[in-house]
Amino acid sequence: MTGPEVVIQDVSVAFGRTEALRGVNARVAPGAITGLIGRNGAGKSTLLASLAAFRKPNAGRITLDGQDPYENAGLMAATCLIRESGDFADLNTGQALALVTSVRSTFSRPYAEELLERFRVPRRRRIDKLSRGQRSAFGAAIGLASRAPLTLFDEVYLGMDAPTRYAFYDELLADYAAHPRTIVISSHLIEEVERMFEYVLVLDEGRVLLNEPADTLRQRGVRVIGDERAVEEFVSGHTVISRQRLGRTVAATLFADMGSDLGADAGRRAAAKGLELEHVSIQDLFVHLTSGQAADPPARAAEAPSKEPA
Amino acid sequence: MTASTPRAHVPTASPQSASVITVAGWLFRRNLNILAWFAGMAVVTVLLIAVPMMQRFQAELGPSLWEAFSTSGAGWFVLALGALAGQYLPVLVAQGVTRRRVVLGAGLALTATSLIVGVLIVVGYLVEAELFGRFGVVPRLSGEHLFASTSQYALVVLESAVRSLHFGLVGLLLSLAYYRYGGWLGTALLPLTAFLPISIGLALLSLDPAAVGTSWQNLNGASGVGPLLLAGFDLVLLALCAWFGSTLALRTKPT
């Protein structure tokens, strides 16, 4: 085991009358990188804050290795949540490094210094006076160098310029390989980061929409393009999550596995009808599933599969 | 995305949670920085304001000026440090420290800071005695104290430290209340979170509360039991802070 087993059972969190999470059930695969994706307001930050014991859920239960992390000294020390907004008050970068060094036993200061150099974060400057991108880069460096068994990044790359973002992804994968742990990265900008994901957890309006291995999800989106009548015949009986028309040509996006749901001969049947089949990226699938305009949306996932990573 | 650099697999050590002492040490070091700045300002104030004023109003010298500051200003200063410690609760919790440990660490840090404040108050009395002495005057104490003379250093430190710690814990409590309830309700609760505990504490210490601007009357006459009573009350206050702090949710955007 290289990270705690995270189990979320019927978790609800409300801010006044706003329900951020509504009966969330999920497992986070230990020792893997999970992408937590959802639209703005889907409940991503709230879920991560609850996992990191920043707050107690109003209802339900979160356990890390079977125990409630809230005010649990061992589990809180094993968890690091880096938020885009930052949590360093009026400290400067040097003071923040000194603080993390003194309270986090797994923190590698030399690695953090190396990352700050690579991300070009100015030293000895108050963190709240840094630009948004520099603040994000500082948080990313702290999160990586903390090497906490459960590391959570909440939209951490927002504001970073492209070279810094790519350097962050590069470092994350390299350090994850050297120090395997459970990593959850929340995002609503998926295209750049989806290649890192081993699992994907999709939240929509405070509920779990999907929780699957990323490779499975990558197979789940199929776009069928061609003449309207032929397309409709082909997709009949399958879950259509989007339809786009241009004259008589229709592009229908199916939430279906190319092999198991459409059948092994799907390609041959499509070709016979003059149709084109193509896989849909996780980002496109996410957009269609959460747009609220899905032609025939899939049922919500009650509880996610939790395959142990190989 | 660029290719990641392969690295050797290194087993990560099991995380150890930060102890109360570690938290206290970090908060204490921050307090020391502010204390050093404050002491520097005090020296400048004495040299640039107090000495010229003494020369101008020589004839009226007599009552201790330092006494007025040490029985009120020092307390409010440590109250500000306590409030600052409360501000760092989210910072430390975000680094994996439990809220209870942060509050207990803050209590320890404030205790150590208060002892240093007590020592600085003794130094202040000595400096004042030296300055007054140059004009042939002995500073006169006007309030009730545990000590009869400022040369009873241990008693001066004890009284000052206990009083400062009390103010510091009140600062911690009101800071946590502001974090929990926000500006309006936090301010509305000041009678409960600040004025009431300060008044009770000062009454227990058997000092004249007028020195800190309250109208609360003494419960007891001056006696050696005051610091003990106040220390006991401060333990209750610290336990209250630890309980209240442990219920605080870190602010989260509802997203």
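Chain B has 7 helices and 0 strands; helices (H or I, at least four residues) and strands (E, at least two) are DSSP runs, numbered from the N terminus. This is a predicted model, in which local features need pLDDT of at least 70, side-chain atom pairs count only at pLDDT 80 or more, and totals for chains, interfaces and linings use all residues. Residues are numbered from 1 along each chain as its sequence is written, while chains are lettered from A and ligands numbered from 1 in the order in which they are written.

**Chain B**

Along the sequence, chain B reads α-α-α-α-α-α-α. Of its 255 residues, 38% are buried. A residue is buried if 20 or more other C-beta atoms lie within 10 Å of its own, exposed if 12 or fewer, and partly exposed in between, with C-beta atoms placed from the backbone. Take the contacts in chain B between residues at least 6 apart in sequence: 79% of them join residues at least 24 apart. Two residues are in contact if their C-beta atoms, placed from the backbone, lie within 7 Å.

**Where the chains meet**

Chain B places 39 residues in contact with 44 residues of chain A. On the chain B side, α1 (20-56), α3 (89-94) and α4 (99-133) each supply at least two residues. The largest share, 5 residues, comes from α3(B). By class, this side of chain B has 19 nonpolar, 15 polar and 5 charged residues. Here Ala, Val, Leu, Ile, Met, Phe, Trp, Tyr, Cys and Pro count as nonpolar, Asp, Glu, Lys and Arg as charged, and the others, Gly among them, as polar.

**The largest nonpolar core**

A nonpolar core is a set of buried Ala, Val, Leu, Ile, Met, Phe, Trp, Tyr and Cys residues joined through C-beta atoms within 7 Å. The largest one holds 151 residues, and A:Ala141 and A:Leu152 touch the most other members. Helix α5 (residues 153-188) of chain B gives the largest share of this core, 13 residues. Domain 1 (6-205) and domain 2 (221-290) of chain A both contribute residues, so the core lies between them. Leaving out residues up to four places away in sequence, A:Ala141 touches A:Ala112, A:Leu115, A:Leu116, A:Phe119 and A:Val121.

**The two domains of chain A**

The domain bounds come from an automatic or database domain assignment. Taken over C-alpha atoms, the centres of domain 1 and domain 2 of chain A are 36 Å apart. In chain A, 8 residues of domain 1 are in contact with 5 residues of domain 2. Strand β8 (residues 199-204) of chain A supplies the largest share of the domain 1 side, 3 residues. That side has 4 nonpolar, no polar and 4 charged residues.

**Strands of chain A**

An open sheet of 3 strands runs in the order β2-β1-β4 (chain A), with antiparallel pairing. Strands pair if DSSP finds at least two bridges between them. β2 (18-28) and β4 (59-64) of chain A stand at the edges with a single partner strand each, so one side of each has no neighbour in the sheet.

| Pair | Bridges | One bridge partner pair |
|---|---|---|
| β1(A) and β4(A) | 5 bridges | A:Gln9 and A:Arg61 |
| β11(A) and β12(A) | 6 bridges | A:Leu246 and A:Thr249 |

β11(A) and β12(A) form a hairpin with 2 residues between them. In the turn, A:Gly247 has a positive phi of about 65°.
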